[in-house]
Each structure stands twice: as structure tokens, then as C-alpha cells.
Amino acid sequence: MKIHELQPGDLVTEQHGANTIAFEVVAIKQMGRRFAVTFHSALGLASANYAGDAWIRAIRA
């Protein structure tokens, strides 16, 4: 899914060796042509900035 298509509640997973960490999209805000995305996981909150046309593996919840 493209970053600009993300919505709060969407799930993103990341593989770390044999472990999978799930991140829930909490907020997404457009900043020019980039997007600030806030995620929540068991590790806490984190934010990242992406180009709007970047791809990310996400599941619509």
C-alpha cells in the first residue's frame, strides 16, 4: 500500500529474524509531499517520515 493511502488502524508488520513486530498506524499527517506517520507497538510509540508515493506492507484493519 502507498504511504498516502494509510489510515489510522492499519497494521504494518516488520520481520526481525524469527520475530515479527506489529505496528498500528495511530496518525498520519501530510507535510508537503511527505507524510509523518505515528505508529504504536508493544515497544511504544514511534514516528517516521515517508515520501507519499513510497510503498509499505500494510493490512487494512
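Are Phe 23 and Phe 39 buried or exposed? Both Phe 23 and Phe 39 are buried; that term stands for under 20% relative accessible area, with exposed over 50% and partly exposed in between (1.4 Å probe, protein chains only).

## Model and confidence

This is a predicted model, in which local features need pLDDT of at least 70, side-chain atom pairs count only at pLDDT 80 or more, and totals for chains, interfaces and linings use all residues. Residues are numbered from 1 along each chain as its sequence is written, and side-chain values use heavy atoms, with hydrogens and water left out.

The mean pLDDT of the protein chain is 94. The score gives the predictor's confidence in each residue, from 0 to 100. A value of at least 70 is reached by 100% of the residues. Among the elements of the chain, β3 has the highest mean, 97. The lowest, 89, belongs to β5. Where pLDDT is low, predicted coordinates should not be read in detail.

## The sheet

Five strands build an open sheet in the order β4-β3-β2-β1-β5, with antiparallel pairing. Strands (E, at least two residues) and helices (H or I, at least four) are DSSP runs, numbered from the N terminus. Two strands count as paired if DSSP finds at least two bridges between them. Strands of a sheet pair through backbone hydrogen bonds, either parallel or antiparallel. β4 (44–51) and β5 (58–59) are the edge strands, each pairing on one side only.

## Strand pairs and hairpins

β1 and β2 are antiparallel over six bridges. Thr 13 has Ala 22 in β2 as its bridge partner. Two residues separate β1 from β2 in their hairpin, where Gly 17 takes a positive phi near 65 degrees.

β2 and β3 pair in the antiparallel sense over seven bridges. Ala 27 faces Thr 38 in β3. The bridge partner of Val 25 is Phe 39 in β3. This hairpin also has two residues between its strands, and Gly 32 in the turn has a positive phi of about 70 degrees.

β3 and β4 are antiparallel over eight bridges. Ser 41 has Gly 44 in β4 as its bridge partner. A hairpin through two residues joins these strands.

## Gln 30

Gln 30 lies in strand β2. Its relative accessibility is 53%, so Gln 30 counts as exposed. Phe 35 in β3 stands opposite Gln 30. Glu 14 and Gln 30 are 16 residues apart in sequence and 23 Å apart in space, C-alpha to C-alpha.

## The nonpolar core

The largest nonpolar core has ten residues: Ile 3, Leu 6, Val 12, Phe 23, Val 25, Phe 35, Val 37, Phe 39, Ile 56 and Ala 58. The largest share, three residues, comes from β3. Such a core is a set of buried Ala, Val, Leu, Ile, Met, Phe, Trp, Tyr and Cys residues joined through side-chain atoms within 4.5 Å.

Which residues does Phe 39 touch, not counting residues up to four places away in sequence? Among them are Val 12, Phe 23, Val 25, Leu 45, Tyr 50 and Ile 56. Contact here means heavy atoms within 4.5 Å.

## The aromatic pair

The count comes to one aromatic pair. Phe 23 and Phe 39 form it edge-to-face, at 6.1 Å centre to centre with 70 degrees between the planes. Phe 23 lies in strand β2 and Phe 39 in strand β3, so the pair ties together parts that are 16 residues apart in sequence. Rings of Phe, Tyr and Trp (its six-membered ring) pair if their centres lie within 6.5 Å; planes under 30 degrees apart count as stacked, over 60 as edge-to-face and the rest as tilted.

## The salt bridge

How many salt bridges does a search of the whole structure find? The search finds one. Asp 10 and Arg 60 meet through their side chains at 2.8 Å, N to O. The pair links distant parts of the chain, 50 residues apart: Asp 10 in the segment before β1 (11–16) and Arg 60 in the segment after β5. The criterion is a side-chain nitrogen of Lys or Arg within 4 Å of a carboxyl oxygen of Asp or Glu.

Asp 10 counts as buried, at 1% relative accessibility. Arg 60 is partly exposed, with a relative accessible area of 42%.
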